[in-house]
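Here are a few notes to read alongside the structure.

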Amino acid sequence: MPRRLRFNGTDSKNGGCPAVHEDLDTGEIVVQGAPLSEPEDIAQLQHFGVGDTAVVVPRELLVHHGPKEVTRVPELIGLEEFGRLFENFEHTAWHLETRGGYASDREDASYAAFVETGTATWDLDSDWCANIRRQTSQGKYVGRVRVVDNPPTEGQLFLLDYAKCNAATGEDVRNLWRADAERLRLPSEDFWIFDSRLVALLRFDDVDTLLDVEVVTEPARVLRYCQVRDTTMHHAVPYDRFAAQLAVND
């Protein structure tokens with residue numbers, strides 16, 4: 001079974017070597033770089049066994065993208081503190097949505113209306129909508145990309161219709177097929193990025209209920225999520241065009 005490797009970062013300016021990856025299951029670190037090949041150099045290495053390979057990387061690579069702790073202890077925040085992030089961010093807030101549905105959506109009256117009529121309802125005067133309108137009216141950017149299965153789940157169809165509400169508050173809403181997300185090796189994590197300096201990882205149970213929020217501020221890890229955002233945005237499709245394509249395929 002192949003390893004599940006996560007790209008942690010590179011100091012290369014052209015996307016090549018050297019780089020650091022992490023095994024998501026074992027926590028082992030994979031360092032990618034130019035091989036040390038001169039016999040005189042290899043002869044100086046201690047504990048160098050048969051089949052071992054030595055690579056040469058800049059010190060900065062390990063400083064910037066190597067793990068800082070043997071065992072990482074997540075920094076968790078409550079939902080109230082998480083909510084304040086949407087009030088206090090300075091210029092950008094961006095969300096990658098990767099789940100087939102969300103328990104909080106199914107508990108909303110607009111979801112029941114969608115199941116019955118095929119059209120979601122919304123309240124632009126709700127606390128959420130009022131705050132996002134206030135933020136975007138100040139020139140701040142709020143956006144999200146929703147990963148969609150083929151065929152879409154009921155929850156994803158609801159969110160595709162509800163995107164009209166998101167857009168009405170000034171959000172930039174886009175969609176991406178899950179097959180494309182997997183081809184691009186995007187993570188399956190659900191997260192928000194605030195001001196390109198703080199990441200909020202959303203953790204759910206098996207029935208799509210939000211359990212807790214982990215805050216990430218370590219620069220190397222934040223950079224990795226920003227790189228995911230840039231890749232996702234490049235390939236994602238505006239929600240209205242995505243919906244039109246889905247309607248044609250139906």
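This is a predicted model: local features need pLDDT of at least 70, side-chain atom pairs count only at pLDDT 80 or more; totals for chains, interfaces and linings use all residues.

1. Start with Arg3 and Glu28, which form a salt bridge whose closest N and O atoms are 2.8 Å apart. Arg3 sits in the segment before strand E1 (5-10), while Glu28 is in the loop between strand E2 (19-23) and strand E3 (29-32), so this pair ties together parts that are 25 residues apart in sequence. How accessible are the two partners? Arg3 counts as partly exposed because its relative accessibility is 48%, and Glu28 is partly exposed too, at 41%.

2. Now look at Asp208 and Arg106, whose side chains meet in a salt bridge at 3.2 Å, N to O. Asp208 is found in the loop between strand E11 (198-204) and strand E12 (210-216), and Arg106 belongs to helix H4 (residues 103-106), so the bridge ties together parts that are 102 residues apart in sequence. Is Asp208 buried or exposed? With a relative accessible area of 15%, Asp208 is buried, because the cut-off for that word is under 20%. Arg106, on the other hand, is partly exposed at 39%.

3. Asp180 and Arg183 form a salt bridge, with 3.6 Å between the closest N and O atoms. Both lie in helix H8 (residues 178-183), and they are 3 residues apart, about one turn of the helix. Asp180 counts as partly exposed at 26% relative accessibility. Arg183 has 55%, so Arg183 counts as exposed, which takes a value over 50%.

4. Salt bridges can also be followed through a group of residues here. Which residues are linked in a network of salt bridges? They are Glu97, Arg144, Arg146 and Glu171.

5. Last, leave the charges aside and turn to a nonpolar patch on the surface. Ile29, Val31, Val55 and Leu62 form this patch, and together they have about 270 Å² of accessible area. Val55 has its place in strand E5 (residues 55-56). Why does Val55 count as partly exposed? Its relative accessibility is 33%, and partly exposed covers the range between the buried cut-off of 20% and the exposed cut-off of 50%.

Notes
Residues are numbered from 1 along each chain as its sequence is written. Side-chain values use heavy atoms; hydrogens and water are left out. Patches are made of residues with over 30% relative accessible area and no salt bridge: like charges are joined within 9 Å, nonpolar side chains (Val, Leu, Ile, Met, Phe, Trp, Tyr) within 5 Å. Accessible areas come from the Shrake-Rupley method with a 1.4 Å probe; for residues, only the protein chains shown count as cover. A salt bridge is a side-chain nitrogen of Lys or Arg within 4 Å of a carboxyl oxygen of Asp or Glu. Helices (H or I, at least four residues) and strands (E, at least two) are DSSP runs, numbered from the N terminus. Buried means under 20% relative accessible area, exposed over 50%, partly exposed in between (1.4 Å probe, protein chains only).
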